Amino acid sequence: MIQITGLDHVVLRVADADTAIRFYCEVLGCSVERTLPAELGLIQLRAGHSLIDIVPVSGGLGQVGGAAPGEEGRNMDHFCLAVSPWDEEKIRAHLESFGVEVG
């Protein structure tokens with residue numbers, strides 16, 4: 001059985017990183033946790049026990065994700081759940097027992 005202990009992080013693809021960071025920090029009270037090199041393009045914001053990763057679509061990671069956010073979506077890259085205890089073999093077996101194809 002997998003026990004989810006919380007939401008670890010959410011990754012958002014944005015066209016304007018400065019505006020997104022200002023919103024999450026100034027309006028919602030997040031803080032910048034760390035910034036990875038510009039060529040990679042990732043800014044991690046602390047949101048309580050979780051993180052919000054801001055990925056500018058103009059950066060390396062953002063370009064991999066395809067078109068910029070728009071009417072068709074594409075602004076959510078992924079979200080990650082924290083699980084405990086971490087035992088990759090048991091987690092894979094559990095998911096596979098429900099027909100989940102583990103990549």
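The questions and answers below go through a predicted model of one protein chain.

User: Which order do the helices and strands of the chain follow from the N terminus on?

Analyst: The chain holds three helices and five strands. Read from the N terminus on, the order of these elements is β-α-β-β-β-α-β-α.

User: Which element of the chain has the lowest mean pLDDT, and which the highest?

Analyst: The mean pLDDT of the chain is 84, and 84% of its residues reach 70 or more. Where pLDDT is low, the predicted coordinates should not be read in detail. Among the elements, the lowest mean, 62, belongs to helix H2 (residues 60-64), and the highest, 94, belongs to S3.

User: What share of the 103 residues in the chain is buried?

Analyst: A residue counts as buried when its relative accessible area is under 20%. The chain exposes about 7,000 Å², of which carbon and sulfur atoms supply 56%. Of the 103 residues, the buried share is 27%.

User: Is Ile-43 buried or exposed?

Analyst: Ile-43 is a residue of strand S3. Not counting residues up to four places away in sequence, Ile-43 touches Ile-21, Val-32, Arg-34, Thr-35, Ile-52, Asp-53, Ile-54 and Pro-56. The relative accessible area of Ile-43 is 12%, so Ile-43 counts as buried.

User: How many residues of S4 are buried?

Analyst: In a regular strand the side chains alternate between the two faces of the sheet. From S4, Ser-50, Ile-52, Ile-54 and Pro-56 point one way, while Leu-51, Asp-53 and Val-55 point the other way, and all are buried. S4 is therefore mostly covered, and its buried residues number seven of seven.

User: In which sense do S1 and S4 pair?

Analyst: Val-14 stands opposite Pro-56 in S4. The pairing of S1 and S4 extends over six bridges, and its sense is parallel.

User: In which sense do S3 and S4 pair?

Analyst: Ala-47 stands opposite Ser-50 in S4. In the hairpin of S3 and S4, two residues lie between the strands, and Gly-48 takes a positive phi near 65°. S3 and S4 pair over five bridges, and the sense is antiparallel.

User: Which residue takes a positive phi in the hairpin of S2 and S3?

Analyst: Strand S2 (residues 31-36) and S3 run antiparallel and are joined by five bridges. One of the facing pairs is Thr-35 with its bridge partner Ile-43 in S3. Most residues other than glycine have a negative phi, and most peptide bonds are trans. Five residues lie between the strands of this hairpin, and the residue with a positive phi, near 75°, is Gly-41.

User: How far apart in space are Leu-40 and Gly-59, C-alpha to C-alpha?

Analyst: Leu-40 sits in the loop between S2 and S3. At 34% relative accessibility, Leu-40 is partly exposed. Leu-40 and Gly-59 are 19 residues apart in sequence, and in space their C-alpha atoms are apart by 5.7 Å.

User: Which residues form the aromatic pair in the structure?

Analyst: The structure holds one aromatic pair. Its rings are 5.1 Å apart centre to centre with 80° between the planes, which is edge-to-face, and the residues are Phe-23 and Tyr-24.

User: Which state, buried or partly exposed, applies to Phe-23 and which to Tyr-24?

Analyst: The cut-off for buried is under 20% relative accessible area. Phe-23 has 39% relative accessibility, so Phe-23 counts as partly exposed. Tyr-24 has 18%, so Tyr-24 is buried.

User: Where is the cis peptide bond that has an omega of about -10°?

Analyst: Pro-85 lies in the loop between strand S5 (76-84) and helix H3 (88-97). The cis bond, with omega about -10°, joins Ser-84 and Pro-85.

Methods: Residues are numbered from 1 along each chain as its sequence is written. Side-chain values use heavy atoms; hydrogens and water are left out. Helices (H or I, at least four residues) and strands (E, at least two) are DSSP runs, numbered from the N terminus. Buried means under 20% relative accessible area, exposed over 50%, partly exposed in between (1.4 Å probe, protein chains only). Accessible areas come from the Shrake-Rupley method with a 1.4 Å probe; for residues, only the protein chains shown count as cover. Two strands pair if DSSP finds at least two bridges between them. Rings of Phe, Tyr and Trp (its six-membered ring) pair if their centres lie within 6.5 Å; planes under 30 degrees apart count as stacked, over 60 as edge-to-face and the rest as tilted. pLDDT is the predictor's confidence in each residue, from 0 to 100. Contact means heavy atoms within 4.5 Å.
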